[in-house]
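Welcome, and thanks for taking a look at this model with me. Please keep the sequence and the 3D view side by side as you read.

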Amino acid sequence: MQTLKVALVGAGMAGQAHAFGYRNASMADDLRDVAIELDTVADVSEALAEDVRLRYGFKRATADISQIAANPEIDVISVALPNHAHRAVLEVLLRSGKHVLTEKPLGVGVEDAEYLTNLSLQYPGIRSVGFSYRRIPALAQMAQIVREGRLGDIWHFESSYYADHAASAADRFTWRFDRATAGGGALSDLGAHAVDAIAFVISPIDEVLSAQFKTSITERTDRSGQQHEVTNDDFASALVRTECGAAGSLLTSRVAYGQPNRLSLSVYGSKGSAHFDTQHYNDLKVFEAGGNAATTGPSHVVMGPANPHYSDVSSFRSRGVNTGYGEAFIAEIQDFIRAVVGRKELDTTFDNALHAMRVIESMYAFDTKTALQN
Ligand SMILES: NC(=O)c1ccc[n+]([C@@H]2O[C@H](COP(=O)([O-])OP(=O)(O)OC[C@H]3O[C@@H](n4cnc5c(N)ncnc54)[C@H](O)[C@@H]3O)[C@@H](O)[C@H]2O)c1
């Protein structure tokens with residue numbers, strides 16, 4: 001039995017999803033011989049760290065993250081901080097040589113992402129980035145179908161990630177709405193997952209043809225009642241091409257009323273098409289050309305143990321009982337742990353995050369207005 005002691009840095013929304021992942025990671029049959037101990041949870045808010053300690057069963061809670069890198073007891077560290085804090089914190093943790101899983105994005109821009117990616121290669125330890133959508137069974141199945149060539153050459157696609165957590169002007173100002181603390185807005189926060197889903201399922205984006213941005217709510221009030229200007233995008237759309245020559249679109253919004261959290265990807269190829277949408281999280285729609293025209297249509301595949309990750313994370317190992325986004329974090333942590341114990345190569349390295357950051361930054365380069373001359 002191998003024991004891995006875990007520290008979590010950042011106990012907010014994503015940090016807690018990581019805690020949920022570690023807590024349940026040993027559900028996978030092939031990880032039964034790895035004991036995962038939730039050792040330390042660290043957050044600048046000690047009260048939050050303590051709350052998360054109790055909720056997920058960590059041994060210790062602290063507001064002092066400086067002890068984690070130097071603590072010889074800790075093997076594995078998860079990082080989920082406001083984007084601007086990633087660089088300084090990761091710099092220390094990467095140098096410690098411990099295994100690190102960090103949330104995306106790698107800082108607030110390409111310069112941070114390049115710096116951290118270079119650093120990640122200079123010290124030992126497994127490095128992974130939280131592209132959790134890759135671990136959703138239906139999206140992972142879609143990637144497998146494309147890799148197997150069942151849809152032929154991918155000709156075109158459409159992707160979107162909509163949320164409505166900021167759709168009301170009363171939604172309060174946080175680090176996410178400021179270019180200095182977040183870098184980009186909806187595109188960098190949400191669209192990064194769509195950029196990565198395209199790389200995962202089709203191939204990496206290598207050309208951005210156009211992009212437009214809109215900030216619909218330009219001022220917000222923080223928790224203490226102070227008003228702030230919003231300095232990044234609420235909405236973004238872009239036209240892109242991938243390395244394999246597929247052409248497509250990406251739309252993202254954090255002010256899309258009625259769409260609480262929705263990533264979707266449709267791909268169309270020379271032999272068929274496939275469609276995934278988190279609103280039907282456990283379904284994959286697949287159409288393979290060539291059947292009887294009178295009776296052929298897209299098949300609606302309900303996820304189950306035959307699909308990637310499902311048996312490792314589902315409390316019922318049978319079809320149709322369904323998993324959700326929390327379980328994607330279990331699968332993400334399981335793959336990270338497999339890499340740590342030398343059983344898997346990861347496809348979510350800092351390089352993947354650097355790619356996403358470069359694509360996003362080349363989209364932001366279009367953020368100038370060109371007025372039509374009438
Ligand atoms: N993969 C996903 O689906 C997903 C989902 C949400 C967020 N994220 C990413 O996770 C990161 C965190 O987002 P969030 O929604 O959890 O934010 P959050 O604001 O809910 O949590 C951030 C936490 O970090 C703490 N903190 C700030 N600076 C700190 C420091 N120097 N040391 C220790 N703690 C510090 C804050 O007190 C807060 O509790 C972001 O980079 C975001 O892009 C990823």
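## Ligand shell

In what follows, Ala, Val, Leu, Ile, Met, Phe, Trp, Tyr, Cys and Pro count as nonpolar, Asp, Glu, Lys and Arg as charged, and the others, Gly among them, as polar. The residues of the shell around the ligand split into twelve nonpolar, seven polar and five charged. This is a predicted model, where local features need pLDDT of at least 70, side-chain atom pairs count only at pLDDT 80 or more, and totals for chains, interfaces and linings use all residues. Residues are numbered from 1 along each chain as its sequence is written, and side-chain values use heavy atoms, with hydrogens and water left out.

The ligand is surrounded by 24 residues (each with a heavy atom within 4 Å of it), and the closest are A14, D43, N83, R176 and Y325.

## Polar contacts

Polar contacts here are pairs of N or O atoms within 3.5 Å; within protein, one must be able to donate a hydrogen and the other to accept it, and residues adjacent in sequence count only if both atoms are side-chain atoms. For D43, a side-chain N or O atom lies 2.6 Å from an oxygen atom of the ligand. M13 brings a polar backbone atom to 3.1 Å from a ligand oxygen, and H193 a polar side-chain atom to 3.5 Å from one.

## Backbone notes

K104 and P105 are joined by a cis peptide bond, with omega about -15°. H309, a residue other than glycine, has a positive phi near 70°. Most residues other than glycine have a negative phi, and most peptide bonds are trans.
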